[in-house]
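Thanks for coming. I will walk through one structure this morning, taking the sheet, the cores, the salt bridges and the confidence values in turn.

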Amino acid sequence: MILLCSCGESQKDHIEQLVKAWDGRIIYYPADLKFCSFKKDSMYNLQMPVREYTIVSYVDSIGCMSCKLQLQDWKLLISHLDDSFKEKVSCLLIFHPKNKEMLLDLLYRKRFTYPVCIDETDSFNKLNHLSTDMTFQTFLLDKNAKVIAIGNPIHSPLVKELYLNIISGKETFSQSRSQSLTFAFLSKDNINMGDFPWKQKQEAEVTLSNTGEKPLVINDVITSCGCMTAEFDKKPINQYKSANIRITYEAEYPEHFDKTITIYCNAKDSPFQLKVTGNAK
């Protein structure tokens with residue numbers, strides 16, 4: 001339901017089919033699947049406990065792994081779950097890397113010490129026949145490994161809220177779910193930063209305008225890459241007023257990039273998506 005409300009009409013049929021296909025399905029784990037933790041320059045094998053809820057997320061080797069992983073955001077979410085629910089939730093991150101050494105280096109640099117599985121043969125994906133859409137490669141499971149919700153809580157604040165409500169036993173969504181809807185207009189849907197030296201920070205701005213009658217509130221702005229950040233004012237935007245969203249890109253290495261920024265707000269057409277491209281030489 002959350003996903004259906006967060007997309008355009010052209011996507012709804014596809015999303016509805018995927019949600020129905022996965023609802024109630026059992027997630028299976030290959031017998032040789034091993035989880036480990038990267039601490040003090042070494043990997044330690046772990047036995048993952050069975051808990052009331054499990055969030056399992058799969059990340060393949062296609063595209064920028066750093067962008068897909070969003071390790072810093074996972075660290076914050078796992079820490080919040082540990083503090084709030086006390087051994088009620090397990091988070092299982094399963095990676096199928098194209099380059100294992102690059103993944104290990106990334107885990108080390110980000111100081112990511114939570115359990116991960118490096119699935120070099122892609123056995124988890126092959127066993128469960130996962131969707132190629134990364135939106136549908138993360139699941140909330142019950143203690144019997146049955147899917148009770150689908151979507152990535154790191155990429156979508158609405159999915160994150162849904163997961164937390166289910167885990168905490170709430171029957172209603174937070175106040176942001178009942179915000180009055182308005183109309184909004186994004187000044188552009190793509191930004192081309194052109195060619196620039198890769199060590200040079202790039203900045204750009206887009207404007208979100210309230211064209212409706214109710215106050216417009218930006219709930220969150222999600223970037224598809226850890227090398228890109230977005231700053232915005234959380235104050236309500238009154239009718240016929242606008243607010244700027246400042247975007248900053250800092251390359252980790254030379255690359256031609258094609259990133260996505262998703263803007264969640266209480267507009268009827270939310271979320272808005274912004275493509276950011278360029279060539280960091």
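Two strands pair if DSSP finds at least two bridges between them. Helices (H or I, at least four residues) and strands (E, at least two) are DSSP runs, numbered from the N terminus. What you see is a predicted model, in which local features need pLDDT of at least 70 and side-chain atom pairs count only at pLDDT 80 or more, while totals for chains, interfaces and linings use all residues. Residues are numbered from 1 along each chain as its sequence is written, and side-chain values use heavy atoms, with hydrogens and water left out.

Start with the sheet. Four strands form an open sheet in the order E8-E10-E13-E12, and their pairing is antiparallel. At the edges are strand E8 (184-186) and strand E12 (228-231), each of which pairs on one side only. On average, neighbouring strands here are turned by 20° against each other, direction ignored; the axes are lines fitted to C-alpha atoms, for helices over the stretch in contact, and angles run from 0 to 180 degrees between N-to-C directions. Between E12 and E13 there are four bridges, in the antiparallel sense. Met-228, for example, has Tyr-249 in E13 as its bridge partner.

Now the cores. A nonpolar core is a set of buried Ala, Val, Leu, Ile, Met, Phe, Trp, Tyr and Cys residues joined through side-chain atoms within 4.5 Å. Buried means under 20% relative accessible area, exposed over 50%, and partly exposed in between (1.4 Å probe, protein chains only). The largest core has 30 residues, and Ile-55, Trp-74, Leu-81, Phe-95, Leu-107 and Phe-112 have the most contacts inside it. Elements giving two or more residues to this core include strand E3 (53-59), strand E4 (89-95) and helix H7 (157-168). Its largest share, six residues, comes from H4. What does Phe-112 touch, not counting residues up to four places away in sequence? Its contacts (heavy atoms within 4.5 Å) include Phe-38, Leu-71, Trp-74 and Leu-107. A separate core of 29 residues has Ala-184, Cys-265, Ala-267 and Leu-274 among its members.

Next, charged pairs. A salt bridge is a side-chain nitrogen of Lys or Arg within 4 Å of a carboxyl oxygen of Asp or Glu.

Arg-109 pairs with Asp-105, with the closest N and O atoms 2.8 Å apart. Both lie in helix H5 (residues 100-109), four residues apart, or about one turn of the helix. Arg-109 counts as partly exposed because its relative accessibility is 44%.

Asp-195 forms a salt bridge with Lys-281, at 3.5 Å between the closest N and O atoms. This pair links distant parts of the chain, 86 residues apart: Asp-195 is in strand E9 (residues 190-196), and Lys-281 is in the segment after strand E15 (272-280). Both Asp-195 and Lys-281 are exposed.

Glu-205 is in strand E10 (residues 202-210) and Arg-246 in strand E13 (residues 242-249), so the bridge ties together parts 41 residues apart in sequence. Salt bridges with shared partners join Glu-203, Glu-205 and Arg-246 into one network.

Last, confidence. pLDDT is the predictor's confidence in each residue, from 0 to 100. The chain's mean is 83, and 85% of its residues reach 70 or more. Over residues 171-177, pLDDT stays under 50. Where pLDDT is low, the predicted coordinates should not be read in detail.
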